[in-house]
Amino acid sequence: MSLLTDFDQRNAATLGRELHQFAADLFPICRSITGDGIRRTLAMVGDRIALQIHEVPSGTPVFDWTVPREWNIRDAYIKGPDGERLVDFKKCNLHVVNYSTPVRSTMPFRELKTHLFTIPDRPDWIPYRTSYYKEDWGFCLSHRQMLALKDLDYEVCIDSSLENGHLTYGECYLPGHSADEILISCHACHPSLANDNLSGLAVATFLARFLSGRDLRYSYRFLFIPGTIGAITWLARNHQTAARVRHGLVLTCIGDSGGFHYKKSRRGNAEIDRAVGHVLRHTSEPSEILDFSPSGYDERQYCSPGFNLPVGCLMRSVWGTFPEYHTSADNLEFIRPAQLAGSLRVCASVLDVLENNRRYRNLAPYGEPQLGRRNLYGSPGGGGNGLEIPARLWVLNLSDGAYSLLDIAERSGIAFPVISDAAAILCQSGLLSPVSDEDAPANPPAEASRSEGSSGRQTIAGR
Ligand SMILES: [Zn+2]
């Protein structure tokens, strides 16, 4: 049974609710690039999948970077003259600039103000700010809250610590028949932010759980890491492993109500780029393909020139383009069960393509084989939308050992699962035989790279 067929036997509404509930369970934790918040988060991921936890000491050199000191926070507030907490970390962990150094002081408003951050255009939202690599402290609050502060003295407390410790990340490895790997990476370092952070975390966890214990062609490696420094640390410690990555996806911002965006790998025409493009063309939701650029999430590190791994980034709304991005409005209402489940299905569809994308040889290539005699010309019913027979003809025609099933799906405009099913039936009937990976050409024929869509930035209406 194909991955996707099995996936579709699950109830999408139930899956969506479970994904959203997992995000809700993780939401209150104050995460950062190091510290107990990311440890607690990884422990909760580890309750669902087999997760190996790595602790890398502060000060460890990782390429051009150094693993920073570990940050932890217990409490923080700004108290007014009457002792009331006017800004309270315990109500919202975004209130403290992430990685703030400890502070205990009473200071006049004019001095405090230089450490306050708001969004004047969105007076009820709290911004999310970090200061990982420059020692500083600060508070984030709604603009309305700041306007209520007067020219008085305020008691300021940030009960944090910044000390030698560790950078923590989690890794889930699922062995397949081949040592070649598919890498799925998500960041787990943002505090109470739902789309940017938790949506990717939840979908990656559920995807790993779905794949666990399955008979897989590829081996899979799921990384739950702090953004940037986590990916750099993993790459620095796994040069050999990185060389086995054949396909990869960074998952982020995939729970909101926007259509899909896929940012291609630096290579631009890797199999993962073509697989995601194909799947998105055949989903009912709108989607857009973006060319690679060296800004974004951890695809920046995987696609750095020393590695140049075939890793793209799957999103719904693109980071930085939606007003809720990096604010308290990126909350549990901003992500939706149906969208989380839809994103998980797109991931399963992409992996279904990668797992089943092989080359075949037509064993009766002289003229068209007589399908009717083999009961292959009647309508089989099922989910192919009447495309089963055309799919068989396409697979027979192009299976000369050079074209992959993805090449055939793109060339015919027929969705990959229908093409893949056709190949399976033709194999059963003795008309088709798989070509071993060693015998297949490294690149598809130039003719086949003509795809349903053109390359570059394009908008695809769902169909
Ligand atoms: Zn972010």
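The model is predicted, so local features need pLDDT of at least 70 and side-chain atom pairs count only at pLDDT 80 or more, while totals for chains, interfaces and linings use all residues. Residues are numbered from 1 along each chain as its sequence is written, and side-chain values use heavy atoms, leaving out hydrogens and water.

Let's start with helices α2 (residues 12-26) and α3 (residues 36-46), whose axes lie 10 Å apart at an angle of about 150 degrees. Helices are DSSP runs of H or I with at least four residues, strands are runs of E with at least two, and both are numbered from the N terminus. Axes are lines fitted to C-alpha atoms, for helices over the stretch in contact, with angles from 0 to 180 degrees between N-to-C directions. That angle makes α2 roughly antiparallel to α3, a label for angles over 145 degrees. Phe-22, Asp-25 and Leu-26 of α2 meet Thr-41, Met-44 and Val-45 of α3, where contact means heavy atoms within 4.5 Å.

Now turn to the sheet, which is open and has 3 strands in the order β18-β17-β19, with antiparallel pairing; two strands pair if DSSP finds at least two bridges between them. At the edges, β18 (400-404) and β19 (432-434) each pair on one side only. From one strand to the next, the twist averages 35 degrees. Strand β17 (residues 359-362) is joined to β19 by 3 bridges, and Arg-361 has Ser-433 in β19 as its bridge partner. Helix α13 (residues 405-412) lies across β17 and β18, running at about 65 degrees to β18.

Conventions. Parallel < 35°, antiparallel > 145°, perpendicular 65-115°, else oblique.
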